[in-house]
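Here's a quick briefing to read alongside the structure. Have the sequence open as you go through the points.

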Amino acid sequence: MDVDLIFRIAGVGIIVAVLNQLLVRSGREEQALMTTLAGLVVVLVILVQEIGNLFSTVKTVFGL
């Protein structure tokens, strides 16, 4: 696993947190919730891709 993955997830988290605070303070709680959910989906997609890479690597190593 690369440190780049951790930085990407942290970057998405920071951006989502800032957007969430801006939207909540401006009275747009619904958009803040949607922004948080969109950030969660982006992180989950990144993780699913990495898990797919892990499985393909394991398949290659064991010759399956």
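**Salt bridges and a greasy surface patch**

Glutamate 50 pairs up with arginine 8 in a salt bridge, with the closest N and O atoms 3.5 Å apart. Glutamate 50 sits in helix α2 and arginine 8 in helix α1, so this pair ties together parts that are 42 residues apart in sequence. Keep in mind that this is a predicted model.

**The salt-bridge network**

- Searching the whole structure turns up two salt bridges.
- Besides its link to glutamate 50, arginine 8 also meets aspartate 4 through their side chains, at 3.6 Å from N to O.
- Arginine 8 and aspartate 4 are both in helix α1, which covers residues 3–25. They are four residues apart, or about one turn of the helix.
- Put together, Asp4, Arg8 and Glu50 form a linked network of salt bridges.

**How exposed the partners are**

- Are these side chains buried, exposed or something in between?
- Arginine 8 is partly exposed, at a relative accessible area of 35%.
- Aspartate 4 is partly exposed too, with a value of 40%.
- Glutamate 50 comes in at 29% relative accessibility, so it also counts as partly exposed.

**The nonpolar patch**

- Which residues make up the nonpolar patch on the surface? They are Ile51, Leu54, Phe55, Val58, Val61, Phe62 and Leu64, and together they have about 780 Å² of accessible area.
- One of them, leucine 54, is located in helix α2, which spans residues 29–62.
- Leucine 54 is partly exposed, with a relative accessible area of 49%.

Notes:
Residues are numbered from 1 along each chain as its sequence is written. This is a predicted model: local features need pLDDT of at least 70, side-chain atom pairs count only at pLDDT 80 or more; totals for chains, interfaces and linings use all residues. Side-chain values use heavy atoms; hydrogens and water are left out. Patches are made of residues with over 30% relative accessible area and no salt bridge: like charges are joined within 9 Å, nonpolar side chains (Val, Leu, Ile, Met, Phe, Trp, Tyr) within 5 Å. Accessible areas come from the Shrake-Rupley method with a 1.4 Å probe; for residues, only the protein chains shown count as cover. A salt bridge is a side-chain nitrogen of Lys or Arg within 4 Å of a carboxyl oxygen of Asp or Glu. Helices (H or I, at least four residues) and strands (E, at least two) are DSSP runs, numbered from the N terminus. Buried means under 20% relative accessible area, exposed over 50%, partly exposed in between (1.4 Å probe, protein chains only).
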